[in-house]
Amino acid sequence: MVSAPSLGEQAYVRGGATQTAVKILVVGHFAVGKTTFIGSISEIEPLSTEETMTRAAEAVDDLKGVQGKTTTTVAMDFGRLTISDRVVLYLFGTPGQQRFVQMWEDMARGALGALILVDPERLADSFPVIDLIEQYGLDYAIAVNHFTGAPPRDEAALREALDLLADTPVVTCDARDEKSSAAALTTLVRYLLDRAH
C-alpha cells in the first residue's frame with residue numbers, strides 16, 4: 001500500500017520556494033475523459049501520450065458504450081494548475097486500460113489524493129478504479145463526467161451504486177469545460193484540506 005503524504009509534509013516544498021507543489025491523480029476507467037479533463041484546465045500545454053488506436057488495441061480494449069474513440073493514452077497525461085500564490089497542483093492522468101494498472105502504483109507515490117472520473121452509463125467500469133485508489137490509501141472525490149445527451153443522474157443513486165462513504169464528495173462536471181473541471185478539482189482540494197485538519 002502506498003501511503004499518502006499530508007499537506008504539511010516537507011516533501012512538497014522545494015528548497016527556498018514559497019509555493020507548495022501538490023500531486024493529484026486524475027483517474028478513471030477507459031474513455032471516461034481524463035485526457036480531456038487535464039487538457040481543459042492545465043495552465044501549461046499538457047503532456048499527453050495519446051496515440052491512435054490500432055486494430056490490436058480494438059481487440060483488447062472494451063469499446064462498448066464508447067462512440068468515436070480513435071485515440072487512447074498509452075502512458076500518462078500531465079498538467080499544472082496554480083490555485084493560489086502558495087499552491088500549485090500537478091495533475092497526473094493515468095491510462096484507463098487494465099493492462100496499464102501496474103504503473104498506477106508508481107504514479108500514486110507522493111500523491112495527496114485522486115479525482116476519479118466516472119461515466120454514469122458505465123458505472124461498473126469504475127469499481128476496479130475505486131478499489132485501486134482505496135488500496136493505495138488515497139483520499140478521493142468522484143467527478144461524474146456529463147456526456148452530451150446523457151440524462152442527469154441522482155447523486156444518492158450514484159453514491160449507492162458506487163458504495164461510497166457518506167463524506168466522499170460527488171460532483172458533476174463536463175471534462176471539456178475549464179470552469180466545470182476547476183469546480184471538480186476545487187471540491188477535491190477542499191475535501192483534502194478538511195481531511196488534513
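A salt bridge is taken here as a side-chain nitrogen of Lys or Arg within 4 Å of a carboxyl oxygen of Asp or Glu. By this criterion, the structure holds 10 salt bridges. The structure is a predicted model, in which local features need pLDDT of at least 70 and side-chain atom pairs count only at pLDDT 80 or more, whereas totals for chains, interfaces and linings use all residues. Residues are numbered from 1 along each chain as its sequence is written, and side-chain values use heavy atoms, with hydrogens and water left out.

The protein contains six helices and seven strands; helices (H or I, at least four residues) and strands (E, at least two) are DSSP runs numbered from the N terminus. Along the sequence, these elements follow the pattern β-α-β-α-β-β-α-β-α-β-α-β-α. Of the contacts with a separation of 6 or more, 74% join residues 24 or more positions apart, a contact meaning heavy atoms within 4.5 Å.

The protein has 197 residues, of which 47% count as buried. Buried denotes under 20% relative accessible area, exposed over 50%, and partly exposed the range in between (1.4 Å probe, protein chains only).

Among the salt bridges is the pair Glu43 and Arg80, whose closest N and O atoms are 2.8 Å apart. This pair links distant parts of the chain, 37 residues apart: Glu43 lies in the loop between helix 1 (34–41) and strand 2 (47–52), and Arg80 in strand 3 (residues 71–82). Glu43 counts as partly exposed because its relative accessibility is 37%; Arg80, at 27%, is likewise classed as partly exposed.

A network of salt bridges links Glu105, Asp106 and Arg109. Within it, the side chains of Arg109 and Glu105 meet at 3.8 Å, N to O. Arg109 has a relative accessible area of 46% and is therefore partly exposed; Glu105, with 34%, is also partly exposed. A further salt bridge joins the side chains of Asp174 and Arg176 (2.8 Å, N to O).

Asp131, Glu134, Glu160 and Asp163 form a negative surface patch. Patches are made of residues with over 30% relative accessible area and no salt bridge; like charges are joined within 9 Å, and nonpolar side chains (Val, Leu, Ile, Met, Phe, Trp, Tyr) within 5 Å. Lys and Arg count as positive and Asp and Glu as negative, with His and the chain ends not counted. The charge is placed at NZ of Lys, CZ of Arg, CG of Asp or CD of Glu. Glu134 lies in helix 4 (residues 127–135) and counts as partly exposed because its relative accessibility is 42%.

Key
Accessible areas come from the Shrake-Rupley method with a 1.4 Å probe; for residues, only the protein chains shown count as cover.
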